[in-house]
Amino acid sequence: MMLFGLTDTGAVRQDNQDSYTIRELSQQLAVAVVCDGMGGAQAGNVASAVAVEAFAAAVEDACLAGPPASGPDRQALLGQACRKANQVVFELAEREPGYHGMGTTLVGALIQPDQVSVVNIGDSRAYVIRGNDIRQITQDHSLVQAMVARGELTREQARVHPKKNLITRALGVEAEVEADLFQMSAQPGDRLLLCSDGLSNVLSDEELLELCRGGLLEERCRHLMARTLELGAPDNVSIVMAQL
């Protein structure tokens, strides 16, 4: 199992409000998380960084004796880690006037060679690349996704919609938040991609598939970033990829 990640401010923004981390808990177990903060430059930076640390630490602590044996238990672990991260961000925002109202998206994964558990809040995404196919695991919590679900927009129209950045759910904004949880069986050669919307709003699924297939993991991640920057990268961009 191999993992790699990187983040970039992008071609337009002056501050990077994205944060990510990868922690290898053992040779056969890792946690990865990407957060995209909101609430002004400083507050967004703080929200994403605090959430990443709180989430990863909670998962690591829960796995000290090894990962949970069942899929439902792994999902419960990720749900608990999200609640912990939400509490930490929310309480900090309540204490510090300059951080009031800050929040962040979160997409995280507990990764094993044969199993992947995923959690998300907001519009940062998880994809799995298997052979010649790419599948989005998560579902965006966003205004445009709701419009897609109602048949008012196509996925391609949603990518360029002027309100594509309006999310309907975020971590840290309220005392409690609901997270979506996913469980999938992995196959040798699968690649898991976690990213902020700075990537998925610029590259189509077809482009993501083409750039994620083959080659070395780090090379693929850097090509994804280079292509996004080449196309103007109007937002911060964060990419984490795992080779299973």
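The structure is a predicted model. Seven helices and 11 strands were assigned in the protein chain. Along the principal axes, the C-alpha trace extends over about 50 × 45 × 35 Å.

Burial and contacts were examined over the whole chain. Of the 244 residues, 53% count as buried. Among contacts with a separation of 6 or more, 70% are accounted for by residues 24 or more positions apart. The accessible surface of the protein chain amounts to about 10800 Å², and carbon and sulfur atoms contribute 49% of this area. With regard to charge, the protein chain carries 20 positive and 32 negative side chains; the centres of these two sets are 3 Å apart.

At the local level, strand β7 (residues 125–130) and strand β8 (residues 133–136) run antiparallel and are joined by four bridges. Within this pairing, Tyr127 has Gln136 of β8 as its bridge partner. The two strands form a hairpin with two residues between them, in which Gly131 adopts a positive phi near 60°. In a regular strand, side chains alternate between the two faces of the sheet.

Terms used:
Residues are numbered from 1 along each chain as its sequence is written. This is a predicted model: local features need pLDDT of at least 70, side-chain atom pairs count only at pLDDT 80 or more; totals for chains, interfaces and linings use all residues. Side-chain values use heavy atoms; hydrogens and water are left out. Buried means under 20% relative accessible area, exposed over 50%, partly exposed in between (1.4 Å probe, protein chains only). Contact means heavy atoms within 4.5 Å. Accessible areas come from the Shrake-Rupley method with a 1.4 Å probe; for residues, only the protein chains shown count as cover. Lys and Arg count as positive and Asp and Glu as negative; His and the chain ends are not counted. The place of a charge is taken as NZ of Lys, CZ of Arg, CG of Asp or CD of Glu. Two strands pair if DSSP finds at least two bridges between them.
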